[in-house]
Amino acid sequence: MEVTPDFVEADWCIKGHIGMVLEGTLELTFPERTYTYQPGEAYLIPVCESHRHKARALSPVVRIVMVEDV
């Protein structure tokens, strides 16, 4: 997946994700906290309303390998 600063999530995402940042800097905002991920860092977000989140690119391009819980 590729994310740019033009990508703006209209609402909170409640899907589960497992991902790894390959390039760029990714920001994941949760209701209580914000995390920043650099290349080589991975994340796991469980499926749950309490883990709702929004993603944002902090660099011109963020490339991610991501698996969603469907």
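Me: Which residue in strand 4 is the bridge partner of threonine 29?
Reply: This is a predicted model. Strand 3 and strand 4 (residues 34–37) pair in the antiparallel sense over four bridges, and the two form a hairpin with four residues between them. In strand 4, the partner of threonine 29 is threonine 34.

Me: Where does phenylalanine 30 lie, and is phenylalanine 30 buried or exposed?
Reply: Phenylalanine 30 lies in the loop between strand 3 and strand 4. Its relative accessibility is 15%. Buried means under 20%, so at 15% phenylalanine 30 counts as buried.

Me: Which residues is phenylalanine 30 in contact with, leaving aside neighbours within four places in sequence?
Reply: Lysine 15 is 15 residues from phenylalanine 30 along the chain, and their C-alpha atoms are separated by 13 Å. With neighbours within four places in sequence left aside, the contacts of phenylalanine 30 are Trp12, Tyr35, Ile45, His51, Arg52 and His53.

Me: Why is the ring pair of phenylalanine 30 and tyrosine 35 classed as it is?
Reply: The two ring centres are 5.8 Å apart. Planes over 60 degrees apart count as edge-to-face. The planes here stand at 85°, so the pair of phenylalanine 30 and tyrosine 35 is edge-to-face.

Me: What kind of aromatic pair do tyrosine 35 and tyrosine 37 form?
Reply: Tyrosine 35 is partly exposed at 32% relative accessibility, whereas tyrosine 37 is buried at 14%. Their rings are 6.5 Å apart centre to centre, with 35° between the planes. The pair of tyrosine 35 and tyrosine 37 is tilted.

Me: Which residues do ring pairs link into a cluster?
Reply: The count of aromatic pairs comes to three. Ring pairs link these residues into a cluster: Phe30, Tyr35, Tyr37 and Tyr43.

Me: At what distance from the ring centre of tryptophan 12 does lysine 54 lie?
Reply: The charged end of arginine 52 sits over the ring of tryptophan 12, 5.8 Å from its centre. Lysine 54 also lies over the face of tryptophan 12. For lysine 54, the distance to the ring centre is 5.1 Å.

Me: Which are the edge strands of the open sheet?
Reply: Four strands form this open sheet in the order 1-7-2-5, with antiparallel pairing. An edge strand pairs on one side only. The edge strands are strand 1 (2–3) and strand 5.

Me: Which residue in strand 5 is the bridge partner of glycine 19?
Reply: Strand 2 (residues 17–23) and strand 5 run antiparallel and are joined by four bridges. In strand 5, the partner of glycine 19 is tyrosine 43.

Me: How many residues make up the largest nonpolar core?
Reply: The members of this core include Phe30, Tyr37 and Tyr43, along with Val3, Leu26 and Ile64. The elements that give two or more residues to this core are strand 3 (26–29), strand 5 (42–45), strand 6 (54–57) and strand 7 (62–68). The number of residues in the core is twelve.

Me: Which residues does isoleucine 64 touch, not counting those up to four places away in sequence?
Reply: Isoleucine 64 is one of the residues of the largest nonpolar core. Residues up to four places away in sequence are not counted here. Isoleucine 64 touches Met1, Val3, Met20, Leu22, Leu26 and Tyr43.

Me: How many disulfides does the structure hold?
Reply: A disulfide needs two cysteine sulfur atoms within 2.5 Å. For cysteine 13 the nearest cysteine sulfur is that of cysteine 48, 12 Å away, and cysteine 13 is in no disulfide. Cysteine 48 is in no disulfide either. The number of disulfides is zero.

Me: Is cysteine 48 buried or partly exposed?
Reply: Cysteine 48 lies in the loop between strand 5 and strand 6, and its C-alpha atom is separated by 28 Å from that of serine 59, eleven residues apart along the chain. Cysteine 13, at 14% relative accessibility, counts as buried. Cysteine 48 is at 31%, so cysteine 48 counts as partly exposed.

Methods
Residues numbered from 1 in each chain as written. Predicted model: local features only at pLDDT ≥ 70, side-chain atom pairs only at ≥ 80, totals over all residues. Heavy atoms only, no water. Core = buried A, V, L, I, M, F, W, Y, C linked by side-chain atoms within 4.5 Å. Buried < 20%, exposed > 50% of the residue type's maximum accessible area, 1.4 Å probe, protein only. Contact = heavy atoms within 4.5 Å. Phe/Tyr/Trp six-rings, centres within 6.5 Å; stacked < 30°, edge-to-face > 60°. Lys NZ or Arg CZ within 6 Å of the ring centre and 35° of its normal. Pairing = 2+ DSSP bridges.
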